[in-house]
Each structure stands twice: as structure tokens, then as C-alpha cells.
Amino acid sequence: MNASVPLLEALTALSGLLAVLAIATTACKVQRALRLRRRRRLEATVRPHVLRVLAEDENPGSADQMNDSLGRTFEELLISLLPKLRGADRDALVAALDNRGVLERARRRTSRPGAVGRARAAQLLGDSGDERALPGLARLLEDRDPDVRTVAARALGKLGPAAVEPLLAAIDAPRPVPAGIVTMALVHAGAGGADDLAQGLDSSRSARVRAVAAELLGQLGVLSATGRLAQTLADDPDPATRRAAARSLGRLGLPEGITPLLAALREAEPSALRIDAARALGRIGGASAVASLRELLVAPDIEVARAGAEGLATCGGTGMSALEGAAEDPVSAPPAREALARLALYGSRRPAVAP
Amino acid sequence: MTSLVRQWLVGFDWFVLAYFVVLNSLYLLLVTIAALDVARTLRRLAFAGHDDLFANPFTPGISVLVPAYNEEPVIVESVHALLNLRYPEFEVIVIDDGSTDSTFDRLAAVYDLVETDRVIPPVAPTLGQVLSVHAARNGEPLVVIRKQNAGRRSDPLNVGLNAARHPLVCMVDADSILDHDALLRVVKPFVDDPDRVVATGGVIRAVNGSVVEHGRVIEPRMPSGWLPRIQVLEYLRSFLLGRTGWSRLGGLLIISGAFGLFRRDLVLEIGGLDINCIGEDAELVARLHRHLRDQRRPYRIAFVAEPVSWTEVPPTYSTLARQRRRWSLGLAQVLRKHRTMIANPRYGRIGLFVLPYYLLFELLGPVVELFGVAAVLIGFAFGMLNVHFAILFALFAVGYGVFLSIAAVTVEEFSFHRYHRWEDLGIAVAAAVLENFGYRQLHAVWRIRGLIDSTRRRHVGWGTMTRGGFTTAVASDPVSSR
């Protein structure tokens, strides 16, 4: 009977736990329904004020007369609309938020202890494009929480070219931001920071920074960087940076890119680089490109051969003729026929693979 | 003789008690960790940046691989759902593994398929010969590969791996419907931590009874039969709590074949899926762990608790029995193949904790459970049973099972609350109690049969599943039903 005592006590505790879970689950469901109804009621009340803000005839003082709940709902609605709008509508929202002190509070919140609060503040400041937030957001790039660093990087990108250097530096920081996140943020920052980006190709920078810079100079269409990219493709010791430079030369499409790209097709080069170079050459075109791409169709690595065929398919009339000729040759037929089949199905609507 | 039986029974009783305590303490730990992790994920969802991922020209492309064998009732709806996923660059590759029904004909009719040339390099090993490759004439990124049946799911997956054009491959069951943003959610760890993340898995839930329109689950509901209802609860428990917990501990061993995302280059590097293993999904993850640990490469395999793949669960006992038998056989094969990793410190948490857990509690659990019942009966027959203690113990065992299930329901209600209707909540609670009487014991028997199959090393194949197709019904008013 003694052995039963602890079991009986455990059973009692378990029953209690079950009761707690049942009550918590029911309460959660009821509370959610009530909260949803209340939220809808409040939103219906403040929506006309939001529309007046967008129509730019809102007297800033009128929203001040709202009680706490209505004021909070009003601000939350404005914040939720911020990433969805552009131009004058967005400016009107930002002005209304600024008048209510929301942006000032967000700037202060970037220094508060809770990671979630800091990240939310960073997101709002990025969405608002508030340049006064730049120092605070740059500081958050070294935050101890990786999610906060990521949100801060995205937010900084929306503040424009001034963010380029801190974002590039964040890649190599002791608490780094992933290169993919920085790359996307820099796409948002636009071509205005091209000079800073081009400096990212310097050999004194890390391989990660050079690769990001090389990728973005092409993505952002910085034509003046063609020479630097050609040099990077030829000389850089990092394979990923060379690949990024090859892709970018293809995107920029200038003839200066042809010679280093042709050199990158050599058999001694890594397959991944040959693939990127072949696709890039296809974008630029030219007689020398067609001849070299045609040779790739017999490469033992099917991915290289396939890239050669894809390159030819985008090379215009001479490329198509070469491709059709290759489709008749048993050795080069498989990749050539595959590329022709894709062209027949999709035309130029879809790229063969992601850029 | 009686004394010998008594000694043996007492010893076995203590073993069962210790086993029970360790197992349930582990469950409690996983539940707690998972609940905390889900809460953390939810708090951070608002700034997760999924919209940025969608707009990002550098978000990696994904080839979605859909192996299909006799999936006529569901294939069109599934493919429709996949093609409408919100993701910047992807292709859907359906690999028809020699279906004998109209799986291909239905796809061909709806998507106006035309035979095309596509080079499929033989990188990962395959058995069934590729017969033809088809593409959608209307420009949808859909490829359908017809091949000879090889009697195993891994073979069409390897064909798909070889044919894939993107750096990431997502393996999805043909009877599954993915949430609209599912790919954006599971790819996020790859973007956030590109150097280390090699695979991610998402949540699987039962679609039976839910309202599906145009390839989207617009209102999840509890199914009508108790067998699928109990499975709804099982999936909730297993994915929402179990895998989230293991993932947080850095010990995710299984990414379901119904929804998993992998780096293609790495899967090819380790030779694709094992065409001789029934549990090819778990085996692939185990082999990834092994390969990367052997090479001392830093890596991470993550579980994402929020996106959902909705799958049709077996509605009949016979189909369910076959499925669970296959799962048990698959697990046994994986553990046998990777036995040198078990309790081996070289493989870190996976070797020291996760694999021993799967061996002792998942694979051998039903054996201990059935022997435990037998011991009680023998004890009773010999008059050695403390009936009071036995009843309390049985009550506690059942109560603990109910507690874990209700905990899963509570976490679901506090976090994602996909089921809106009060009656669904009531059904879930009832199923949590009912599964302990009959279903749990049957489940143990099915798993033991799978274990026995593994000792015979017989081939089991795809397994036939009776498909009911996705329900299309009128959705209830989302506000009034809350």
C-alpha cells in the first residue's frame, strides 16, 4: 500500500494539471473571440481618421482626442499600412506617426532591454524611412540577438545609400549579419551607394564582402563597375566572388565583359564558374561567345553543357542557329534539344534557372 | 518455480516503472521546450521578413519533388496548390512511378502536358527507367516525369533529384496540400544561416474533414470518424511538440517525407535517397548527420513549427495498420543501418541521445508496453498482483497520455489556433481520452509487426492508400464559430 501513496499523489497532481490546461484552453478561446470583436469595433471607429490622414486633411490634433485604446488602434493601423503604401500616401502616414510621437518612441525603444521590442522598433523605423534612426539602427547591427540584427539590416537598407558601408561592415562583425540578408538590404538601398559598393571589391575586404559587392554591382546595374568586375573575375582568389563577378558582368551586358568571361570557360576553371560564365556570355552575345558556348555542349559535366545551351538560347539568331545545328549532332544533342524544347514551350517568359 | 516467477515479475515491474518514468520525463521535457519555442516563434513572427524573402532576387530557387503512385483522386488538387504557392522561383516536378490509374491522364488533361526533352543526369542511383518527360504547354513551371515502377518511394525521388534544376529540393507527398506561404517559411533558415543550414522540415497535419477550395485549406476541421480524429491528435502531438522540442535540442532525426526542404548538392553528395530503405526520409536525415559529423563540417537541421503541409491520413484500420507497420519497419532499418552511430560520442547529441531514444522508446516501446500488459496478467494469475497499485498505475499511464495530448491542443490553441469551431476542440479532447482504449494497444501491435518484418528483411513497397480526395464544403462563418 505504501508504494501506492506517491502514485496517488502523482495522479492527483496530474488531474490538477489537466484541469489547468482545460481551463486555460477554454479561456484562451473565449478571450480571443472577445478581443477580436473589440478590435473590429475599435478599427471601425478609427478607420475614418486613417482615411482622412491619407487624404491629407486630417487635423493632427483631432486624433489626440482619442482615448488610449482608440489612439493605440489608430497608430497600429497606420503602422500596418506603412509597408503597403508608397509615395504621398506613405509620407502622410509617416507625418501622422511623427506628429503622434510614435517614431520618437521607436527610436528610444531601440535601446530597450527586450529583443522583441527592439526588433519591432527597428522594423517600424525602416518602414518609415526615418533617416534620424540611422545611428540607432547601425548600433543594432551589433545587437546580441541575431533576429534583431537581421531586422536592423533590413531596416537600414530602406534608409538608402548612407547604409551601404555599415551594412557591408556588418558581414564581418564579431556578431555578423548573414551575407544574404545584407545583400537583400543593399538591393533596397539602391544604386546611390555604388561608390561604397565598388570599394567593397578591394582586396583588403573579406571574401564575403567582395562577393556581396560583386553580386550587387551587377544587380543594381552599375555600368561604371564593369572594369572592376572584369578584373575581379580574372584575379580574385575567392571562387564565390569570381562567380558573382561573372553573373554581374552578364547582367550589365557590356562587351568589356566578354574577354574575362571567355577565359572563365576554360576547362581548368571550376564547373560552377564555367556555368555562371556561360549564362553571362549568353546575355551579352557576340560571335566569339557563340563559338565558345557551342564548344561547351560536349562538356562531360552535364550542368556545364546545359549552361552552354542556355547561353546559346539567349544569344539571338546566331546562337539559335548554333543550337539547332548542335541538336543534329549526336554528341551535343541532349543539352541542345533540352534548351530548344524549353524555348518552344516558354519562349523568353521564364529564365532557365534562377538568376 | 513460483518464487522464480515472482522474482522475474518483480524485476520486470521495476524495469517497466523505470522505463515509464524516464520516457514520460523526456516527453515532459520536450513538451516544455516546444511550448517555449513556439511562443518565441510567435512573438517574432511579425518581423520575420517573409515579404522581403518573396521580393528578394537572391532567394534560392526550389524544385518541389512530388513522387506519385496511383494518386488519381488528389493529384490535380495537390499540383494546383503547389503551382499557386507564394515563392519567387520554383518548379514542380511530379514523378509518376508507373501509376496504374489515371494519375498521369488527369494531369495531362488539366495542364495540357506535352512531351519534351530534358536531360536527367544519373547522379543519384535509380532503378525504374524514365519513360518520358512532359511539361505544361501553358507555361506553368510543371514537369511530369513518367517512369517504370520500382515499388519504392525513394526511386522516383532520386529521379526527381537528378532532374531538379534549383539548389534546394522540397520533397512533398502527392496527397498533401501546402500552406500558401509554406516555402517562404521553410526556406527562411537557409537564408538566415546559409553556411550551416542543410535541411528544414515543416509541420504535417491531417486534412481529412477540412474545407479545401482551389487547392487551399480554407477551414481546418476535425474529420467525421474517430480513427482520423485520433490521428489528427497524434500529428499535433508529434509535430507541434515532439519535433519542435527535438529541433530546439539540436537533435532532429526525422524530417517527414511529406514536407522537407534539402540542399540538393548535399543530398547528391551523399548519394541521394537510399533505394533499399523503407524509411527513406529518416534515413536521409540520419545519413546527413553522419556524413557531416564524419567530415566535421558545421551544420544545422531545423524544424519550422508554423508552415503546414496538410495530408490525408488513412481513414480505415487496414490502411492505417499497413502505414504504421511500414513506419516501424523503416525505423528499424534506419537504426540497423546506422547502428554504429548509436551511443557513439563521435556523433554528438544524435549519437548519444537521439538515436538511443529512438531505439529504446520508439522502436522497442510497443514491445515493453505489451510485455508490461502480459506481466500484469501473469501476476494476476499467480495472485502476485497488488491490484490497488496496478489500477493506480494504469490510471496514471492513461492520464499522462491524455495530459500530453491536451498539452498539444493547448499549445495549438494558444499559438496557431487553426481549428476555429468549439466542437472541434471538444472532439480533440474526447479523442485524447478515447485513443487510450483500444487504439493505443492496436498501434503497439502494428508497430511490433513492423519490427518483426524488419527481422525478415522482406520488401514492403509503396503500400496502397485508399484516397478519399479533398473535401470541398461550405466554410463556417469565421467569427461566429470562434
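## Overall form of chain A

Of the 355 residues in chain A, 44% count as buried. The model is predicted. The secondary structure of chain A consists of 20 helices and zero strands. Its radius of gyration is 29 Å, well over the 20 Å that the globule rule gives for 355 residues, so chain A is more spread out than a compact globule.

Taken along the principal axes, the box filled by the C-alpha atoms of chain A is roughly 80 × 75 × 45 Å. Among contacts in chain A between residues at least 6 apart in sequence, 63% join residues at least 24 apart.

## The contact between chains A and B

The contact draws 48 residues from chain A and 45 residues from chain B. On the side of chain B that touches chain A, the elements giving two or more residues are α1 (2-44), α6 (182-192) and α13 (387-414) of chain B. The largest share of that side, 16 residues, is supplied by α13(B). By residue class, the side of chain B that touches chain A divides into 23 nonpolar, ten polar and twelve charged residues.

## The largest nonpolar core

In soluble globular proteins, nonpolar side chains tend to be buried together. The largest nonpolar core here has 218 residues, and those touching the most other members are Val182(A), Leu65(B), Val66(B) and Ile93(B). Helix α7 (residues 226-248) of chain B gives the most to this core, with eight residues.

Leaving aside residues up to four places away in sequence, Leu65(B) touches residues including Ile93(B), Ile95(B), Leu157(B), Leu161(B) and Val172(B).

## Selected residues of chain B

Most residues other than glycine have a negative phi. Asp112(B), which is not a glycine, has a positive phi near 50°. Asp112(B) lies in the loop between α4 (103-111) and β3 (113-115) of chain B, and it counts as partly exposed because it has 13 C-beta neighbours inside 10 Å. Arg296(B) is also not a glycine, and its phi is positive, at about 55°. Arg296(B) belongs to the loop between α9 (280-294) and β12 (300-311) of chain B. With 7 other C-beta atoms within 10 Å, Arg296(B) is exposed.

The C-alpha atoms of Glu369(B) and Ala305(B) are separated by 30 Å, and the two residues are 64 residues apart along the chain.

Technical notes:
Residues are numbered from 1 along each chain as its sequence is written. Chains are lettered from A and ligands numbered from 1 in the order in which they are written. This is a predicted model: local features need pLDDT of at least 70, side-chain atom pairs count only at pLDDT 80 or more; totals for chains, interfaces and linings use all residues. Two residues are in contact if their C-beta atoms, placed from the backbone, lie within 7 Å. Helices (H or I, at least four residues) and strands (E, at least two) are DSSP runs, numbered from the N terminus. Ala, Val, Leu, Ile, Met, Phe, Trp, Tyr, Cys and Pro count as nonpolar, Asp, Glu, Lys and Arg as charged, and the others, Gly among them, as polar. The radius of gyration is taken over C-alpha atoms; the globule rule is 2.2 Å times the number of residues to the power 0.38. A residue is buried if 20 or more other C-beta atoms lie within 10 Å of its own, exposed if 12 or fewer, and partly exposed in between; C-beta atoms are placed from the backbone. A nonpolar core is a set of buried Ala, Val, Leu, Ile, Met, Phe, Trp, Tyr and Cys residues joined through C-beta atoms within 7 Å.
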